Amino acid sequence: MGLKLYGAEISPCVRAVLLTIEALELKGVEFVDVDLLNGGTQTAAFSAINPLQKVPTIQDGDLILWDSHAINAYIVSKYGKTDSLYPKDPKKRALVDAMNFFDTGFLFAGHDVAIKSIVTSPTPTSVDSQIAKPLEEAYAYLNTILEKRAYVAGSQLTIADFSIATTLSSSTSYLPLTPGKHDKVLAWYQTIKSLPYFAKVNAAGLKQVKEVLSKKLA
């Protein structure tokens, strides 16, 4: 049995895993589309695979694994021809882990709360300023971090860049970065967007995000 990825492209976490797969040039990965917007993760069949009812989830032989950061670390460790995306050096790896935790605890956490507030509000016109505050703080933290780094975890591209970039692509759909305030993030994000596979992986899911938002914020 080959590597199987359960996901939905609208999810930035799923897109982060797809970026890793593209960067590693992995072939033969089976993508199982889960209808995230219509309860696809809550079916009995999917719950039997992942009781947390979340995507992405992978199945690789007898291993079932969830959480995009854990999945990306596993994929690079098992299938990567080099360790550049997730270095084996303890200090370099610790920086990648720290930025993955930053995504989980700050950037994605802020995005998750904000976008759910838009989607569930009966008459939203924009994201509420108080709800947006943690996300704005995450932007500021990231800008400070990137003042001394070319990439989020140091001098080279890693899986942490994929996770943060896909989260950012979704969050900036309703809370844009500000020139003069987030210049380091804007420059870094442009670098990530220039990767030859980024648009291929990110465009379709981001379009879905924007379509959902346009219906709520029209």
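**Pockets and domain contact in the predicted model**

The second largest pocket has a volume of about 170 Å³. In this predicted model, its lining is made up of Leu5, Glu9, Leu18, Ile21, Glu22, Leu26, Lys27, Gly28, Val29, Phe31, Lys200 and Val201. Two elements, H1 and H8, each give two or more residues to this lining, and H1 gives the most, with three residues. By residue class, the lining of the second largest pocket divides into seven nonpolar, one polar and four charged residues.

Of the 31 residues that line the largest pocket, Ser11, Leu36, Phe108, Asp112 and Lys116 are the closest to its centre. H4 provides the largest share of the lining of the largest pocket, nine residues. The residue classes here are 14 nonpolar, twelve polar and five charged.

How do these pockets sit within the overall architecture? The chain is divided into domain 1 (3–79) and domain 2 (90–217), and the lining of the largest pocket draws at least three residues from each of domain 1 and domain 2.

The two domains also meet each other directly. Their C-alpha centres lie 20 Å apart, and the contact takes 17 residues from domain 1 and 24 residues from domain 2. The size of an interface is often given as the accessible area lost when the parts come together. For domain 1 and domain 2, the area buried between them is about 1700 Å², with 66% of it on carbon and sulfur atoms. On the domain 1 side, Arg15, Leu19 and His69 supply 39% of the area that this domain buries against domain 2, more than any other three residues.

An unreviewed UniProt entry lists residues 89–213 as "domain: GST C-terminal". In the model, the end C-alpha atoms of residues 89–213 lie 41 Å apart. The span is 70% helix and 0% strand.

Two points of backbone geometry deserve a friendly mention. Most residues other than glycine have a negative phi, and most peptide bonds are trans. Against that background, Glu25 has a positive phi of about 55° although it is not a glycine; Glu25 is found in the loop between H1 and strand E2 (30–33). The other point concerns Val55 and Pro56, which are joined by a cis peptide bond with an omega of about 5°. Pro56 lies in the loop between helix H2 (44–49) and strand E3 (57–60).

Note on methods. Residues numbered from 1 in each chain as written. Predicted model: local features only at pLDDT ≥ 70, side-chain atom pairs only at ≥ 80, totals over all residues. Heavy atoms only, no water. UniProt positions renumbered as here; feature names shortened; annotations may be inferred. Helix = DSSP H or I, 4+ residues; strand = E, 2+ residues; numbered from the N terminus. 1 Å grid on protein atoms, 1.4 Å probe; cavity = no way out; pocket = protein on both sides within 12 Å on 5 of 7 lines; lining within 4 Å. Nonpolar A, V, L, I, M, F, W, Y, C, P; charged D, E, K, R; others polar. Domains from an automatic or database assignment. Points joined across faces, edges and corners; volume = space filled by probe spheres on them. Contact = heavy atoms within 4.5 Å. Buried area = accessible area lost by both parts, 1.4 Å probe.
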